[in-house]
Amino acid sequence: MIRGGAPNENRFFLDGVEVPVINHFATQGSSGGPVGIINVDMIREVDFYSGAFPANRGNALSSVFEFRQKDARTDRAAFRSIVGASDIGLIAEGPLGPKTSYVVSARRSYLQFLFSAIGLPFLPTFNGFQAKIKHRIDDRNEIYFVGLGAIDQFQLNTSLNLSYDPALNPKVDTELVDQQRYILGYLPVTTQWNYTNGLVYKHFAKSGVMTFVLSRNMLNNVQYKHLNNNEDSLRLQDYESQESDNRFRFEHQLRSRSGLKVSYGLSLERSRYAVRNESKELVADSTAGPGAVQLVSRRFESELRFNRMGLFGQVSKSYFGSLLVTSAGLRLDACDWAPSTSRLFEQFSPRLSLSYNFAPRWTLNANTGMYYQLPAYTLLGFKTSTDGEFVNRNNGLRFMGSDHWVAGVEYFGGKTFRATLESFYKGYSNVPVLQDRGISLANPFLDYTRLNSNRSGATMQLDIRVDRKWEFKGWALNLYLDIQNALNQQTQGPSFLVADRDRVTGALVSDPSDPSRYRASNIPNTAGQLLPTVGVIVDF
């Protein structure tokens, strides 16, 4: 979450290739995930924009991240192996010829063993892959391939002792057992994979650079749930969905002798979204008498294809010996999903930024802009169960908008230190809302009249890392200690509403005032745990 925006309002680029999913165990239609896919040992630098987005980077309301990878060695092959408390990885790099180099990375976690040992109800395993192959055609032309992918699996820890009886569970903690039963009761088994592959061609001329980017990304998500988590019993949920994009982008950057910088280009995208969900529920059957239940089956299926186009241009100029830097940009976007998204000039997106170096190491910054983003595919592809029509197409769903006003001061303390103090205002428009509650999908838990009074309290986290490296002839050894949440801070989330159980037998307890219902209570939902990690890195 950046400046109050939803997680899906951020965009990520790896060497100029858009990467929709950068985390393992991503949430479809949103973003996030507990572990990053990108191997930070392969990253040279990162540019972060929380405003004043470059015009060539569209479909973002809150931030843009630009990751740039290191170029591989061209003199010889080299390797780096990493063994940590949660995963193991390998990086290999070197030349493939006089003009071609490669760098590849693979990682696999063994978190399932750690989580099982500390008694957590879920057992995650992730695999990550990353690659860059670069070929220098001549002094003015180069081409490179970028690849990023993940395979994630989420199993349930059904071996946990969930008894309330001290004779069967000597270390019983009734609140902990309630939490574990709740999580195991709703959490499905999940298998998820995704990839992004991109091909980038650059032509360097005396006056500027021409860039062509062709890429494809895909996310596949499979989930299922069995009654009592017994795979030989009734399957209550069977879910599969896919999202994919084929993208093309052209950029032309020019620089004049006077210092004027001009860039322009276009982007084209072809997208697909498909989902199939079958679910079964046991519900009360009022026609068959008290306590009777019936099995209700539901099925939802949808597939959607659409095209997007974007046009962009930007001009920047420095004055007074680069003391003052100005930049103005414009972007137009359209999508043929519906008439409400197809009119190019309705997504008229201007932006302006100023930067003034008023003293050594000190800079005043200000920017403003209007930005647009297409809603999540899960909203575009939602259909009615009766006539199969796309519900939100008829509702007039359109691009979401956000207006930014930002001003602040920045201090540069050298290559390793920078401090910024900014104030900002963001105004949103055309944000989808829940019809039954009238609140924004960006924050579906509380209406805005209760956000300040009912929001979570302030949180903090201290992470510590200590490295010790020894260099030997032809190889190097690095040992590290990494402590996440060193102060063991706990975060309080929305409480769990659970049905009460008998503290001896574990049977569900009926509500005395209404025997047709179970008695319910709230249990705390806390997150945050001290996570120390010891690791070994070997370079050779």
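This is a short chat about a predicted model of one protein chain.

Reader: Before we start, what kind of model is this, and how are residues numbered?
Author: It's a predicted model, where local features need pLDDT of at least 70, side-chain atom pairs count only at pLDDT 80 or more, and totals for chains, interfaces and linings use all residues. Residues are numbered from 1 along each chain as its sequence is written, and side-chain values use heavy atoms, with hydrogens and water left out.

Reader: Ok, how many helices and strands does the chain have?
Author: Six helices and 28 strands. Those are DSSP runs numbered from the N terminus, with helices being H or I of at least four residues and strands E of at least two.

Reader: And how compact is the chain?
Author: Its radius of gyration is 27 Å, close to the 24 Å that the globule rule gives for 540 residues, so the chain is as compact as a globular protein of that length. The radius is taken over C-alpha atoms, and the rule is 2.2 Å times the number of residues to the power 0.38. Along its principal axes, the C-alpha trace spans about 85 × 65 × 45 Å.

Reader: What share of the residues is buried?
Author: Buried residues are 40% of the 540. Buried means under 20% relative accessible area, exposed means over 50%, and partly exposed is in between (1.4 Å probe, protein chains only).

Reader: Which residues have the most contacts inside the largest nonpolar core?
Author: Leu-14, Ile-38 and Phe-67, in a core of 19 residues. A nonpolar core is a set of buried Ala, Val, Leu, Ile, Met, Phe, Trp, Tyr and Cys residues joined through side-chain atoms within 4.5 Å. The strands β1 (10-14), β6 (63-69) and β11 (141-156) each supply at least two of its residues. β11 gives the largest share, four residues.

Reader: What does Phe-67 touch?
Author: Leaving aside neighbours within four places in sequence, its contacts (heavy atoms within 4.5 Å) include Phe-12, Leu-14, Ile-38 and Val-46. Apart from that core lies another, of 16 residues, among them Phe-126 and Leu-184.

Reader: New topic: where is Ala-507?
Author: In the loop between β24 (491-499) and β25 (510-511). Ala-507 is partly exposed, at a relative accessible area of 40%. Beyond its neighbours within four places, Ala-507 is in contact with Asp-500, Arg-501 and Asp-502.

Reader: And how many Å separate Ala-507 from Val-40?
Author: They're 49 Å apart in space, C-alpha to C-alpha, and 467 residues apart in sequence.
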